Structure formats: structure tokens, C-alpha cells
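Welcome! Have a look at the model below, then try each task before reading on.

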Amino acid sequence: MSECVVVKIGSSSLTSDEGGLNRNKISFFASELASIRKTGKQVLLVTSGAVAAGFRRIGYQTRPKLVHEKQAAAAVGQALLMQAYQEAFAAYGIGVAQILLTRADFSNRRRIQNAQMTIEELLRQGILPIINENDTVSTDELDLKFGDNDMLSALVGNLLKASHLVILTDTDGLYMEDPRKNPAAPRIDRVEQISEDIMRIAGGSGSSVGTGGMRSKIEAARIAMRGGVPAFIGRVVENGDLLLAVEGTGRGTYFTAQGHNLPMKKQWLGYHSQVKGRITVDRGAELAVTTGGKSLLPAGILSTNGDFHPGDVVEVVNQEQHTIGRGVVNYAAWQVQAAMGLGTDEVRRRVDVGRIEVIHRDEWVTLA
Ligand SMILES: Nc1ncnc2c1ncn2[C@@H]1O[C@H](COP(=O)(O)OP(=O)(O)O)[C@@H](O)[C@H]1O
Ligand SMILES: N[C@@H](CCC(=O)OP(=O)(O)O)C(=O)O
């Protein structure tokens, strides 16, 4: 397959603060995406804007806050959004398809493989897939909702091994401070690694229609970088800006892909799987699994949370409760509790487990 560009457009770029779609903006983005297709690259669009497009039509005065109201607004707005894109892309002879995904779809290997095969077939047939979260069935509980589409776009980019992830918003990239609060703050042009400092300067949404703000975009960029996909966060305002963004001279911040492209299985483990519990480890175990390439043994485990079973995915945290990675456990939670802190011989004597490793290194991904 030829190079593939995933472009994410946020609500703030498509709608006005008062709600409702801005048709001129949609036509503009359609022409920008069409110009990327002309260069021979495949294009996928991840679009927000369903709630913002639908809430006025449904009769709400401001963007709704209650889950069922948001879902109702999205159900109305998604149809309006697709209608607008269909018309706008038709002007360039490009057919479009609607794909609605949820976080749960990503944690189920078969479902996400089906989505991937569908998307690949659409691309082969020259159709431009337009993806949004399936707001009607997603709920805010238990991390089951993306909420904003930044993370969704990163996961789609990784799934398709995109050559570029372009996250468009209403600011020219990442600034040292939220430019709405400090217009003099300087922009960061390139980020090689997402440090704690970078996370700190990225704030929430400044507009009344956007949700994630810069923070969720940076988190998405981090996932893309780990998946080997270079990312861009910024703005396109004039004809040709999107092409410049893809070519490396856009109005925004570039995030360099990290060389080690995680294999699909580890990407699934790290970013798509559903976590069933948590294991806290001591410093020695932390180093062994994150930098030593070792399996996690019972001796370094301090505590567990959640009711997990062999084959489930658990999150592993250090003594400061920072996530260091995820892995598939060979023990049930009660077996970890019986074995934690014990040496290998002692575990074999006291606990009936098939394998001594709580998490084997082949079933582990470092996320620190
Ligand atoms: N350090 C920062 N640099 C740039 N923008 C920031 C920063 N911190 C917070 N923001 C805010 O993030 C907003 C973009 O996010 P959001 O409103 O969620 O947009 P979208 O709808 O495009 O996802 C900007 O308008 C800006 O106010
Ligand atoms: N799925 C929702 C996304 C909500 C949202 O505001 O996202 P974003 O503008 O990307 O911060 C919608 O289409 O309205």
C-alpha cells in the first residue's frame, strides 16, 4: 500500500463557538485533503464535530454536558457532518465512507482486525474513510470512551502504520504556555521525546466546543511516536498548508517517530487492551522489566488490585504509582497475593502455578 496520512480535525476547526457546522471550513478541509491524495498518498480523516454540529439542531442552547444529551446531539450531528463531507468531497470526485469506532473495539482483536480490513479495502477502492467515535454507544465510565478524538487518531495511525499523523486544531502547535492565556509564549517547533515538562505545559481546551485541549493531543502524539508514526500538531489556514504540514514545513509542532516501531502484538497490549488489574512493584523489579529485559517474578511484587485471571492484561506501576508498563499475567490475583515477595523456590513450594514468571518478558510492553 502507498504511504498513508491520517488527518484529525477537531471540533474547534469545524464549528463555531455557538455550535453548528461551518460549511466553508468543511469545503476548505476537503480541498486540502484532496490535494494530499493528488500526491499519490492515501488519506484517512478522523473527525470530531458531531456533538457541536448537532446540539443546536436538537434545541439545546449550549454544548450539552450530560452524557445522554451529548449522545443525542452526536446522533443528530454525525448525520449532518457526513452529509457536509459527502458534498464537499464530491466536488473533487472523492467518495467517502463513515466508520464509527469505540475504545472497546480496539481492545477486541477480532473487531479491530475487521475494522482494519474494511479500511484497507476502502482505501484500495479509492474511498476516503471518515472516522469518528461511536458516541451513541460509548459511555464516560471506566475509561471506555475516547472523549476527544486525538487518541482515536493515534490508534488509527498506528493500526494502519501511517506515514504521518496530522492533528489539526485552532492553534499553530504546542506553545510554552496556552497562547490564549499568554499570547507572547514561544512555540516549540520539534519534540524528540515527550518529557514530564512537555506534559506540564500542555493545558486543557481553550474553546467552548473542543474537549481534549493540548494535553490529549500530546498524549496522542506520544502513542504515535511509540508506534513509529511521526506526528504533527498544528493549524491549516491557507490553501496548501496541509501539504506543507505533511512535507515538514507546516504551522505547528513536529513529533519525531521513535525508531523502534512496536510490533502489532505489543501495540495491542500497550494501547488497545483492556486492563483488568494493577500490580505494584519495587524498584528492583521496575528496573528488571523496564531496562533489564527481564520477566516479572513474584519477589519484586508489593501489592495487587483488581480481580484478574491468567491471560488477563494488567497494568504495572512503580512505588510512586506511575505506570511503567502492561503485560499478560500467568497468575490469578489471589495467586500473586500468595506468592508476592517470595523467592522462586518458596513460590514453587507454596503456590500451584504453571509458570514462575508472573509476566513473561515476551508478554510485556514498557510504557514509562
Ligand atoms: N501549551 C499549549 N499550547 C497550545 N495550545 C494550548 C496549550 N495549552 C492549552 N492549549 C489549548 O488547546 C486548545 C486546542 O484544543 P481543543 O480546544 O481541544 O481543540 P480541538 O477541538 O481542535 O481538539 C487551544 O485552543 C489552546 O487554548
Ligand atoms: N466524538 C465527538 C468528539 C468530541 C470533541 O469535542 O472532540 P475534539 O474536538 O477532538 O476535542 C464529536 O464528534 O463531537
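**Exercise 1: The whole chain**

The protein chain holds 14 helices and 13 strands (helices are DSSP runs of H or I with at least four residues, strands are runs of E with at least two, numbered from the N terminus). Its radius of gyration is 22 Å, close to the 21 Å from the globule rule for 368 residues, so the chain is as compact as a globular protein of that length. Here the radius is taken over C-alpha atoms, and the rule is 2.2 Å times the number of residues to the power 0.38.

This is a predicted model: local features need pLDDT of at least 70 and side-chain atom pairs count only at pLDDT 80 or more, while totals for chains, interfaces and linings use all residues. Residues are numbered from 1 along each chain as its sequence is written, and chains are lettered from A and ligands numbered from 1 in the order in which they are written.

Task: describe the extent of the chain and how much of it is buried.

Solution. 
- Step 1: along its principal axes, the C-alpha trace spans about 70 × 40 × 40 Å.
- Step 2: buried residues account for 45% of the 368. A residue is buried if 20 or more other C-beta atoms lie within 10 Å of its own, exposed if 12 or fewer, and partly exposed in between, with C-beta atoms placed from the backbone.

**Exercise 2: Three annotated residues**

Task: the UniProt annotation "binding site" (unreviewed entry) covers Ser48, Asp135 and Asn149. Why can they be said to gather at one spot?

Solution. 
- Step 1: they span 102 residues in sequence, yet no two of their C-alpha atoms are more than 10.9 Å apart, so they gather at one spot. UniProt positions follow the numbering used here, feature names are shortened, and annotations may be inferred rather than shown by experiment.
- Step 2: count neighbours. Asp135 is buried, with 25 C-beta neighbours inside 10 Å, and Asn149 is buried with 27.
- Step 3: list contacts (C-beta atoms, placed from the backbone, within 7 Å). Beyond four places in sequence, Asn149 touches Lys8, Val46, Ser48, Asn132 and Glu133.

**Exercise 3: A second annotation**

Solution. 
- Step 1: another "binding site" annotation in the unreviewed UniProt entry includes Lys8, Ser216 and Lys217.
- Step 2: leaving aside neighbours within four places in sequence, Ser216 is in contact with Asp148, Asp150 and Met151.

**Exercise 4: A five-stranded sheet**

Task: what is the strand order of the open sheet of five strands, and which are its edge strands?

Solution. 
- Step 1: the order is S10-S9-S11-S12-S13, with mixed pairing (strands pair if DSSP finds at least two bridges between them).
- Step 2: strand S10 (301–305) and strand S13 (359–366) are the edges, each pairing on one side only.
- Step 3: strand S12 (residues 323–329) pairs with S13 in the antiparallel sense over four bridges.

Definitions and conventions
Two residues are in contact if their C-beta atoms, placed from the backbone, lie within 7 Å.
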